Amino acid sequence: MAGLEKILEEIEQKSNETVSQILKAAKDEANSILQAAEKESKTAVQAADYETEKKVAALKDQGSFAAGLRQRQKLLAAKQELISGVIEEALEKANNLPDAEYFDKILQMVKGMAHAEKGEILFNAKDKGRIPADFAGKLASAVPTGGSLTVSDTVANIKSGFILKYGDIEENGSFESIVNAHYAELQDKVRETLFG
């Protein structure tokens with residue numbers, strides 16, 4: 001029996017060695033798989049972090065760009081409002097000039113608009129009531145040779161300025177009309193004066 005026990009001990013010892021080797025190989029493989037998984041997950045986390053950082057940076061850039069754009073739009077709108085305000089204020093000042101200055105401006109404008117033919121000049125009710133006594137004589141000298149203008153009894157529906165009427169043709173010399181016709185040029189001049 002001693003031989004049988006020895007054989008059984010050898011089988012048990014070999015079996016234990018084999019089991020130990022299998023367990024060791026399994027543990028080694030499990031450790032290797034675990035290390036590879038850790039390395040892979042670390043790489044994936046790093047890649048995700050990098051992508052997240054890129055997205056955050058892109059969003060920040062977009063936000064900065066959008067904020068800058070909004071700021072430029074607000075600045076442009078404020079400048080435009082200021083320019084429009086200056087033009088409106090100048091128009092209001094022209095509308096409220098003292099009588100002598102107001103009608104001197106009218107005469108200057110008539111010189112540039114009058115034709116060498118017979119016509120009428122129309123004013124609004126307010127201006128018609130404040131025409132200076134010497135206006136007719138000055139008006140005659142503002143008209144080109146061969147032309148004449150008389151102050152019409154008809155009241156014009158304008159805020160300020162005048163309307164020249166030659167037969168059925170009317171030329172609008174109201175301050176508002178002139179400002180509107182040259183608004184872009186006025187904006188450019190005011191912008192240059194205010195902002196350089």
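**Figure 1. Overview of the fold.** In this protein, 78% of the contacts with a separation of 6 or more are between residues 24 or more positions apart; contact means heavy atoms within 4.5 Å. This is a predicted model, in which local features need pLDDT of at least 70 and side-chain atom pairs count only at pLDDT 80 or more, while totals for chains, interfaces and linings use all residues. Residues are numbered from 1 along each chain as its sequence is written, and side-chain values use heavy atoms, with hydrogens and water left out. The protein has six helices and four strands, taken as DSSP runs numbered from the N terminus (helices: H or I, at least four residues; strands: E, at least two). Along the sequence they follow the pattern α-α-β-α-α-β-β-β-α-α. Of the 196 residues, 21% count as buried; buried means under 20% relative accessible area, exposed over 50%, and partly exposed in between (1.4 Å probe, protein chains only).

**Figure 2. Packing of helix α2 against helix α4.** Helix α2 (residues 99–113) packs with helix α4 (residues 135–142) at an angle of about 25°, and their axes are 9 Å apart. That makes α2 roughly parallel to α4. Axes are lines fitted to C-alpha atoms, for helices over the stretch in contact, and angles run from 0 to 180 degrees between N-to-C directions. Angles under 35 degrees count as roughly parallel, over 145 as roughly antiparallel, 65 to 115 as roughly perpendicular and the rest as oblique. The residues of α2 that take part are Phe 103, Asp 104, Ile 106, Leu 107, Val 110 and Lys 111, and they meet Phe 135, Lys 138, Leu 139 and Ala 142 of α4. In this contact, seven residues are nonpolar, none is polar and three are charged. Here Ala, Val, Leu, Ile, Met, Phe, Trp, Tyr, Cys and Pro count as nonpolar, Asp, Glu, Lys and Arg as charged, and the others, Gly among them, as polar.

**Figure 3. Salt bridge between Asp 99 and Arg 130.** The structure holds seven salt bridges, each a side-chain nitrogen of Lys or Arg within 4 Å of a carboxyl oxygen of Asp or Glu. In the pair of Asp 99 and Arg 130, the closest N and O atoms are 2.7 Å apart. Asp 99 lies in helix α2 and Arg 130 in the loop between α3 (125–128) and α4, so this pair links distant parts of the chain, 31 residues apart. Asp 99 is partly exposed at 36% relative accessible area, whereas Arg 130 is buried at 15%.

**Figure 4. Surroundings of Asp 127.** Asp 127 is found in helix α3 and is buried, with a relative accessible area of 1%. Apart from neighbours within four places in sequence, Asp 127 is in contact with Tyr 102, Phe 103, Ser 160 and Gly 161.

**Figure 5. Salt bridge between Lys 128 and Asp 153.** The closest N and O atoms of Lys 128 and Asp 153 are 3.9 Å apart. Lys 128 belongs to helix α3 and Asp 153 to strand β2 (residues 148–155), so the pair ties together parts that are 25 residues apart in sequence. Lys 128 is partly exposed, at 27% relative accessible area, and Asp 153 is exposed, at 70%.

Figure 6. Asp 188 and Arg 191 form a salt bridge with an N to O distance of 2.9 Å. The two residues are three apart in helix α6 (residues 183–195), so about one helical turn separates them. Asp 188 is partly exposed at 46% relative accessibility, and Arg 191 is partly exposed at 33%.
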